[in-house]
Amino acid sequence: MTTRILTNVKLVLPGSILPSAAVRIEDGKIVKIEEWRGELREADCDTLDGNGNWLIPGMIDVHIHGANGYDMMDGTERSIQEVSRACAATGCTSFLATSVSSDIDSLLNMIRSVKRVKGQEEGARIAGIHLEGPYLNPKRKGMQNEKYLRHPDLNEMQAIFQEAEGLVRMVTIAPELPGGMELIDYLKEQGVIIAVAHSDATYEEAKAAFAAGASHVTHCFNGMRPIHHREPGLVVAAFEEDHVSLQAIVDQVHLHPAILRMMHRLKGLRR
Ligand SMILES: [Zn+2]
């Protein structure tokens, strides 16, 4: 049995924070948490001084395209490893390698490079792939390249899933496009998280998508029809649906802090 004790950490627990804690780990599992008083009774185990830093559960990044100048769409293993290391350095222990809208060949190349790196990650683990597009609405394109935006194509999506061999975990779509609802049915059968963004969906269109199985909003408020009191759009539809979770870009540029507070108040911790 390998025992390791992490001392002197600010420990985040569900609903509380222990300002000074020691954590005992046996064979990779946390078995005991106690208050740290500056000394260790057992001397015969491996200890690591946390220097008063935070100890939190590993975060999962569900939306990352690249890091430190590397873009995972370039189809190289190096870019994926760079993201893996960058994630680990910021407290993320796993991530969804996220594509942007592109031609089919680039997309399949990216998927192949993710498959090659999976299991060989130098930092955070690959939890799967998030396809952001290419079935998005040019009216709300944001940073997506309009040249590659297209209507949902089930044959193409099947080819992508075949290449990905179960790695696709999330797909961001614009459900109001022709064929959008059929695409939701297909994605639901595949058991992936259906996310909505880069979408001009009205309130009614969004309600239909959420009823059919969509359950997440990618970068909520950005790249979608804004709230209007006569046409509340997809954002209000998402607020109303308990099963729908929200993603937010928390950089104080994409969203005003008051909007973040409102999202938090309306959706709570879990969503
Ligand atoms: Zn986006």
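Guide: Buried denotes under 20% relative accessible area, exposed over 50%, and partly exposed the range in between, with a 1.4 Å probe and protein chains only. This is a predicted model, in which local features need pLDDT of at least 70 and side-chain atom pairs count only at pLDDT 80 or more, while totals for chains, interfaces and linings use all residues. Residues are numbered from 1 along each chain as its sequence is written, and side-chain values use heavy atoms, with hydrogens and water left out.

Visitor: How many residues are there in the protein chain, and what share counts as buried?

Guide: The protein chain has 271 residues, and 45% of them count as buried. Its C-alpha trace spans about 65 × 45 × 35 Å along the principal axes.

Visitor: And how many helices and strands?

Guide: The protein chain contains seven helices and 14 strands; these are DSSP runs numbered from the N terminus, helices being H or I with at least four residues and strands E with at least two.

Visitor: Which residues are the protein donors of the zinc ion?

Guide: They are E132 (OE), H198 (NE2) and H219 (NE2), lying 1.9 to 2.3 Å from the zinc ion. Donors here are N, O and S atoms within 2.8 Å of the metal (3.2 Å for Na, K and Ca), and sites may look incomplete, as water is not among the atoms.

Visitor: How are those donor residues spaced in sequence?

Guide: The spacing is E-x65-H-x20-H. The two histidines link distant parts of the chain, 21 residues apart: H198 sits in the loop between β12 (193–196) and α5 (203–212), and H219 in the loop between β13 (216–217) and α6 (233–240).

Visitor: Are H198 and H219 buried or exposed?

Guide: Both H198 and H219 are buried.

Visitor: What about α6 itself: why is it described as largely enclosed?

Guide: Helix α6 is largely enclosed by the rest of the structure because six of its eight residues are buried. The buried ones are G233, L234, V235, A237, A238 and F239.

Visitor: What do they pack against?

Guide: The buried residues of α6 pack against β12, α5, β13, β14 (245–246) and α7 (257–267). A contact means heavy atoms within 4.5 Å.

Visitor: Changing topic, how many salt bridges does the structure hold?

Guide: The structure holds 17 salt bridges, each being a side-chain nitrogen of Lys or Arg within 4 Å of a carboxyl oxygen of Asp or Glu. One of them joins K207 and E240, whose closest N and O atoms are 2.6 Å apart. K207 lies in helix α5 and E240 in helix α6, so this pair ties together parts that are 33 residues apart in sequence.

Visitor: How accessible are K207 and E240?

Guide: K207 is partly exposed at 23% relative accessibility, and E240 is partly exposed at 43%.

Visitor: What other residues form salt bridges?

Guide: R150 meets E156 at 2.9 Å, N to O; R150 is partly exposed at 22%, whereas E156 is buried at 14%. E34 pairs with K32, the closest N and O atoms being 3.8 Å apart. Both ends of that pair are partly exposed, E34 with 29% relative accessibility and K32 with 43%.

Visitor: Which residues are linked in a network of salt bridges?

Guide: R112, K115, E163 and E165 are linked in such a network.
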